[in-house]
Amino acid sequence: MKQGLTIAWLLFLASVPLWLNNLYVLHVLIMAGIFIIAAMSLNLLLGYTGQLSLGHVAFFGIGAYASSLASLGFAVHLLPDWQVSVDPKPVWFSMLCGTLIAGLCGWAIGRLSFKVRGAYFVIVTVSFAEVIRLVALNWVELTQGPMALNNIPYLRLGIPGLFELSFLRKPANYYLVLAVGVICYVVIRRLVHSRAGRAMIALRENEPLAASVGVDVTRYLVLATIVSAGMAGAAGALYAHYVRIVDPDVFLFIYTVTMVIMVVTGGKGTLAGPIVGGAIFGLLPETLRALEAPPEVQWVTYGVLMVLVVYFLPDGIVPALRNWWHGRSAVAAAPAPEQASTEAAR
Amino acid sequence: MRGKIPNMDQLLQHILNALILGGTYALLGIGLTLIFGIMRVVNFAHGELYAFGAYMMYLWVMVLGANFYLALPLAVLLGVMLGAAMELVLLRRLRGADIDTTMLVMIGAWITLQNVEQMTWSGVAKSINTPFPSSPLVLGSVSLSWNRLFVFVVALALIGATYAVINRTKLGKAMRATFQDRDTAALMGVDINWIHTATFALGSGLAAAAGALLGPVFVVVPTMGDLASLKAFAIVILGGLGSIPGATIGGFILAFMEELGAGYVSSGYRDAMGFLLIIVILLVKPTGLFAQKERIG
Amino acid sequence: MSTSQPDRELVVDGLSIRFGGLTAVESMSFHVAKGEILSLIGPNGAGKTSAFNAITGYIEPNGGTIAYRGIRLNGLKPSQIAAHGVVRTFQKTSVFMGQTAFDNVLLGLHLASRQRPLAIIFALPSVAREEKELAEEARRILAFVGLEARGALLASSLPYGELRLLEVAIALAAKPRLLLLDEPVSGMNPSETASFMQILARIRALDITVLLVEHDMKMVMGVSDRVICLNQGRIIADGPPAAIQSDREVIRAYLGERYTRAQD
């Protein structure tokens with residue numbers, strides 16, 4: 001039944017561009033989808049390994065910049081007389097590069113920063129993202145700095161002379177984001193229901209005990225970071241080739257916070273949590289905009305909701321719903337044994 | 001650059017600027033480290049108290065036309081009150097919660113405060129008039145604005161006052177006892193609730209003071225708290241989480257690194273210095289430069 | 001593998017552990033023979049748990065060597081030591097509280113599993129096959145400690161005695177050849193202790209060597225082949241249970257100077 005529900009959901013999501021003829025709403029859905037992918041990737045770290053990484057937007061931005069730069073081509077002087085230039089690459093290849101480079105950065109950051117935990121880890125990750133943002137802002141030769149990378153090409157797939165799919169228009173991008181999202185979801189689901197995911201859960205729940213049964217703590221934290229960073233990078237690449245302009249503001253800390261809010265509200269450490277949270281906080285800004293509220297209202301709402309969720313739904317929406325559902329079915333099932341016992345008493 | 005050895009003059013000027021800036025950085029750092037050391041709360045809203053101090057200064061001086069010297073203590077007092085209110089409303093019920101939970105709440109508070117500021121004052125940068133002469137004080141080959149000198153003197157006075165509170169008063173003694181061992185302190189009759197409120201209020205007051213002092217030097221914008229928070233983290237990590245002397249020295253070290261980095265490397269990377277410092281320190285000596293003993297994790 | 005003394009499973013030589021100025025263990029040397037149940041006893045603070053922590057890699061000793069089947073354990077991480085077959089439990093109840101009893105054992109089966117990340121991501125058939133085997137194995141282990149009916153319950157909802165059994169089940173899942181149990185029956189009632197002694201006998205029948213730290217003397221004397229008594233970081237007696245029970249040093253350590261004099 002659960003599988004049937006998943007398929008029904010997928011069919012529904014796939015049908016959206018067929019009956020929805022409001023392009024603005026479709027745009028909102030695409031952006032929400034990109035953020036949901038980023039939130040799912042953060043959930044692997046925050047929810048499953050229990051490490052609060054507040055630098056996650058760095059991987060998103062690295063993916064966006066790396067993919068854009070590869071597709072646009074660039075030339076930089078690494079030393080005054082040593083120039084490195086890269087010719088424009090096909091967009092699908094660039095997106096792959098963006099994903100891999102983000103994953104590689106995840107590996108490096110994981111290796112370095114898991115020496116420290118708790119508050120220290122959080123602060124290292126924040127610092128990492130800020131440094132990357134300042135590099136994007138100041139390394140003008142590579143990134144154009146605040147002038148932003150413009151005219152980023154959109155994705156085209158196909159066999160020359162036979163057929164070509166172009167991802168310029170919104171419905172095509174919607175399906176692209178949906179496909180990448182489904183792939184990421186499946187990869188995460190397989191991981192968390194495997195030896196690797198169990199190792200991550202074990203070290204979240206009880207690190208000394210996990211080590212005592214042979215879990216190599218660093219190895220699994222780094223694995224989680226690589227996968228998580230790679231997926232965030234893929235989301236960034238999707239963003240770059242959809243919006244087709246990338247500036248250093250993609251690294252703003254507020255976007256990490258948005259992802260954290262999505263994960264925490266939806267339910268960290270659950271597969272559906274980031275999707276539910278991502279849908280709520282992906283659509284909320286547009287709802288507020290439709291109500292003609294100034295943009296600050298959106299952030300104030302985020303801030304207040306974050307506090308309220310921590311107080312009243314500390315586990316998030318998905319676990320709360322699940323408990324409520326189980327509680328209901330337990331109540332529904334309860335009369336049977338009660339009856340049996342009263343009969344036995346007679 | 002005039003003078004016989006222009007590079008020397010330039011260096012002297014940078015050192016002077018760093019000293020002046022270091023005082024306010026130390027204020028920010030001490031506030032944050034107190035809150036972490038005693039309450040185990042990673043206070044992401046710290047920079048917002050800094051911004052709050054600056055805006056209160058703007059409110060009193062520019063909107064209500066109050067005297068500059070009167071506005072300063074008023075702004076700090078309001079910061080203390082806001083800090084106390086935040087502790088009572090937001091943190092009191094989370095006592096005993098893990099560090100990530102309180103961190104999330106403080107992030108929520110930070111976003112809320114910043115955007116309320118934005119709604120109240122708009123995003124346009126505000127400047128605050130000062131009673132100081134606009135011509136700088138010239139000392140040989142270096143110069144210094146009167147306003148900055150005032151900032152430095154007041155910051156040093158506040159640092160001194162904080163040390164006196166911590167080391168000389170009954171409250172300070174109770175705070176130190178709580179820092180050492182909360183459970184024992186509670187058994188000895190220390191009112192932990194009161195200590196927490198007082199600590200958060202004191203830390204917030206110091207951040208507000210830093211903002212009230214620097215607001216007139218720079219301009220006041222709603223996002224000014226972001227960098228202040230992150231710099232305060234850099235300072236505190238540099239000195240070791242929970243160490244007050246560490247935060248004091250850390251404030252000056254960060255100011256020196258920024259001044260010299262901006263002067264000799266690239267001004268665009270001025271603000272990156274703190275973060276590079278954090279990363280290097282944590283990877284080389286995670287306990288910070290001055291902490292005696294701090295458990296990681 | 002050490003050829004000179006093939007029956008010596010674990011050899012601890014000159015182990016010293018200090019915390020700041022405090023000496024927890026002072027040049028301690030002992031060995032655990034293959035297949036035996038060896039108990040470490042001694043008053044609180046005698047250094048038993050510190051020795052455990054050093055053997056399993058949770059603290060770095062200040063001196064001495066620890067060798068398991070000829071392999072030097074000093075400097076290895078706890079997970080590497082576990083991979084050599086040396087697995088421990090903890091003095092304070094330590095399970096994965098947010099997981100079901102069944103999942104607790106499944107998490108413990110980490111070393112019994114061979115899946116690689118890429119195989120997992122591409123869902124190779126070998127992964128599904130292994131998952132089935134692991135689930136089987138987890139059920140077997142739960143049944144071994146008598147918790148087969150508790151599999152679906154959250155660990156946090158189990159009573160204390162069953163939590164301690166679950167700890168042992170998690171450790172057994174890591175396929176130990178040398179099992180270190182840190183006060184496994186502390187806080188258990190006499191009937192729980194008695195059934196734990198039966199489980200211990202069955203563990204031994206699996207050819208698992210056991211090093212035990214315990215305060216319950218009835219249990220120690222009942223199950224041990226050999227007992228080592230520590231006091232203030234030093235070994236004061238080493239022998240079969242009967243000899244330890246009548247050892248004057250041991251009695252003095254436990255009951256104090258006056259008691260021994262009164263006996264004279």
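**Exercise 1.** In this predicted model, describe what chain B and chain A bury between them.

*Solution.* Start with the area: about 3500 Å² is buried between chain B and chain A, and carbon and sulfur atoms give 83% of that. Next, pick out the leading residues of chain B: B:Leu104, B:Ile111 and B:Leu283 supply 17% of the area that chain B buries against chain A, more than any other three residues. Then count the contacts, which link 42 residues of chain B with 40 residues of chain A. The largest share, 16 residues, comes from H4(B). Finally, sort the residues on chain B's side: 31 are nonpolar, 7 polar and 4 charged.

**Exercise 2.** Which residues of chain C lose the most area to chain A, and how many salt bridges does the rule find across the interface of chain C and chain A?

*Solution.* First, the area: chain C and chain A bury about 2400 Å², with 60% on carbon and sulfur atoms. On the chain C side, C:Phe96, C:His110 and C:Ile121 lose the most, together 26% of what that side buries. Second, the salt bridges: the rule finds 2. One pair in a salt bridge is A:Asp216 with C:Lys77, whose closest N and O atoms are 3.2 Å apart, inside the 4 Å cut-off.

Technical notes
Residues are numbered from 1 along each chain as its sequence is written. Chains are lettered from A and ligands numbered from 1 in the order in which they are written. This is a predicted model: local features need pLDDT of at least 70, side-chain atom pairs count only at pLDDT 80 or more; totals for chains, interfaces and linings use all residues. Side-chain values use heavy atoms; hydrogens and water are left out. Contact means heavy atoms within 4.5 Å. Buried area is the accessible area (1.4 Å probe) that two parts lose on being put together, summed over both. Helices (H or I, at least four residues) and strands (E, at least two) are DSSP runs, numbered from the N terminus. Ala, Val, Leu, Ile, Met, Phe, Trp, Tyr, Cys and Pro count as nonpolar, Asp, Glu, Lys and Arg as charged, and the others, Gly among them, as polar. A salt bridge is a side-chain nitrogen of Lys or Arg within 4 Å of a carboxyl oxygen of Asp or Glu.
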